[in-house]
Amino acid sequence: MFPGSEWRAAPAGPTGRPRLYLTFDDGPIPEETPWVLAQLAAYQAPATFFCVGDNLVRHPEIARAALAAGHRLGNHTQHHRSAWNTPRATYLAGVAECAALLRGEEDFRVGGYEGRKVEGYEGKGVGESDENKVLLPHPPTLTPSYPHSPIPSYPHTLKPLFRPPYGRLTWPVLRALRPHYRVVMWSLLTRDYDLSLAPERALRLTLAATRPGDILVLHDSRKASRSLRFLLPRLLAHYSARGFEFGLV
Ligand SMILES: [Zn+2]
C-alpha cells in the first residue's frame with residue numbers, strides 16, 4: 001500500500017536488541033505533551049512527534065522541549081485535514097505551512113494567526129511585511145534548519161518526516177510529497193483515540209500484536225487522554241522489561 005511510504009522500521013538496533021518505534025500524533029499541547037515527555041524521560045525512550053502546525057504556533061516551547069530531550073518532530077499538516085476531501089493544492093499548502101514552522105523559516109504566515117507574533121520567535125513577526133502577503137503555498141523543500149530557528153526540527157542530513165492525518169493519502173498527494181519527505185505510516189495502532197475501547201483492552205491488544213520493528217501510534221491529544229495515560233506508562237514498562245529498546249523513525 002502506498003509505495004514509498006514506510007510501515008515498519010529496523011527490527012533491531014546496532015547492539016542487536018529488538019527495537020520499537022514510538023510515535024505521537026496531533027500535538028503539541030500543554031495538557032498532554034509535557035506529560036508524555038516525562039514518561040519517555042523515565043525510560044530514556046526517544047520518540048517521534050508528528051505535530052499539527054496549529055499546535056506548533058500556539059506551543060512552540062513544547063516542541064523545542066521535545067527536541068532538546070532528543071525526540072524528533074514530523075509534519076502532520078497545518079490544520080489536520082483529510083487528503084480525501086481537501087483539494088490537493090489546499091492540502092499541500094497545509095503541508096508547506098507546517099514545514100515552514102518546523103524549519104523555523106524567517107518569515108511565515110499562518111492562516112488564522114496573521115499579525116500575531118509567535119511567542120519566543122526571534123524573526124520577523126507574521127504579517128509585519130507587505131512583501132510576504134502571499135508566502136504560502138510554496139513547495140516543500142529540504143532546506144536545512146536555520147541557526148535562529150525556533151523549532152529546528154531536522155538535522156541537515158535528514159529528510160523531513162511526514163504523516164498524513166487519518167492515514168489518508170491520495171496518489172497525487174503522495175507523488176507530490178514523496179521526493180521531499182519520508183512518508184512514515186505505522187504498523188501498530190494502539191487505538192488510544194477510540195473512546196469505545198476500554199484502555200485495558202487496548203493495552204492487551206497492543207501487547208499481543210507487538211513485533212520488533214513495529215512503528216506504534218499514540219496521540220498526545222485531549223481526545224485520547226484517558227487511554228494514553230493508561231497505556232503509555234504500561235507499554236514503556238512492559239517493553240523495557242522484555243529487553244526492547246526504542247528508536248527514532
Ligand atoms: Zn492525526
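What follows is a walk through this structure, from the whole chain down to single residues.

The model is a predicted one, in which local features need pLDDT of at least 70 and side-chain atom pairs count only at pLDDT 80 or more, while totals for chains, interfaces and linings use all residues. Residues are numbered from 1 along each chain as its sequence is written.

Let's begin with the overall picture. The protein chain holds 7 helices and 9 strands; helices (H or I, at least four residues) and strands (E, at least two) are DSSP runs, numbered from the N terminus. Of its 249 residues, 40% count as buried. A residue is buried if 20 or more other C-beta atoms lie within 10 Å of its own, exposed if 12 or fewer, and partly exposed in between, with C-beta atoms placed from the backbone. Two residues are in contact, or touch, if their C-beta atoms, placed from the backbone, lie within 7 Å. Among contacts in the protein chain between residues at least 6 apart in sequence, 75% join residues at least 24 apart.

Next, look at the neighbours of S2. Two strands pair if DSSP finds at least two bridges between them. S2 runs parallel to S8 and is joined to it by 5 bridges. With strand S3 (residues 48-51), S2 pairs in the parallel sense over 3 bridges. Strand S9 (residues 245-246) also runs parallel to S2, and 2 bridges join them. You can find these pairings through particular residues: Asp25 stands opposite His219 in S8, and the bridge partner of Asp25 in S3 is Phe50. Leu20, in turn, stands opposite Phe246 in S9.

A nonpolar core is a set of buried Ala, Val, Leu, Ile, Met, Phe, Trp, Tyr and Cys residues joined through C-beta atoms within 7 Å. The largest such core has 52 residues, of which Leu22, Val95, Leu216 and Leu218 touch the most other members. Helix H4 (residues 88-103) gives the most to this core, with 9 residues. Leaving aside residues up to four places away in sequence, Leu22 touches Ala45, Ala47, Leu216, Leu218 and Phe246.

Most residues other than glycine have a negative phi, and most peptide bonds are trans. Asp26, in the loop between S2 and H1, has a positive phi of about 90° although it is not a glycine. Asp26 counts as buried because 23 other C-beta atoms lie within 10 Å. Pro28 has its place in the loop between S2 and helix H1 (33-42), and the peptide bond from Gly27 to Pro28 is cis, with omega near -5°. His80, in the loop between strand S4 (72-75) and H4, has a positive phi near 60°. His80 is partly exposed, because it has 18 other C-beta atoms within 10 Å.

Now move to a pair of helices. Two packed helices are described by the angle between their axes and the distance between the axes. Helix H6 (residues 199-209) and H7 pack at an angle of about 35°, with their axes 9 Å apart. Axes are lines fitted to C-alpha atoms, for helices over the stretch in contact, and angles run from 0 to 180 degrees between N-to-C directions. The contact is made by residues including Pro199, Ala202 and Leu203 of H6 and Arg226, Ser227 and Phe230 of H7.

Arg226 is found in helix H7 (residues 225-241) and is partly exposed, because 13 other C-beta atoms lie within 10 Å. The C-alpha atoms of Arg226 and Asp192 are 8.0 Å apart, although 34 residues separate them along the chain.

Finally, Thr210 lies in the loop between H6 and strand S8 (215-219).
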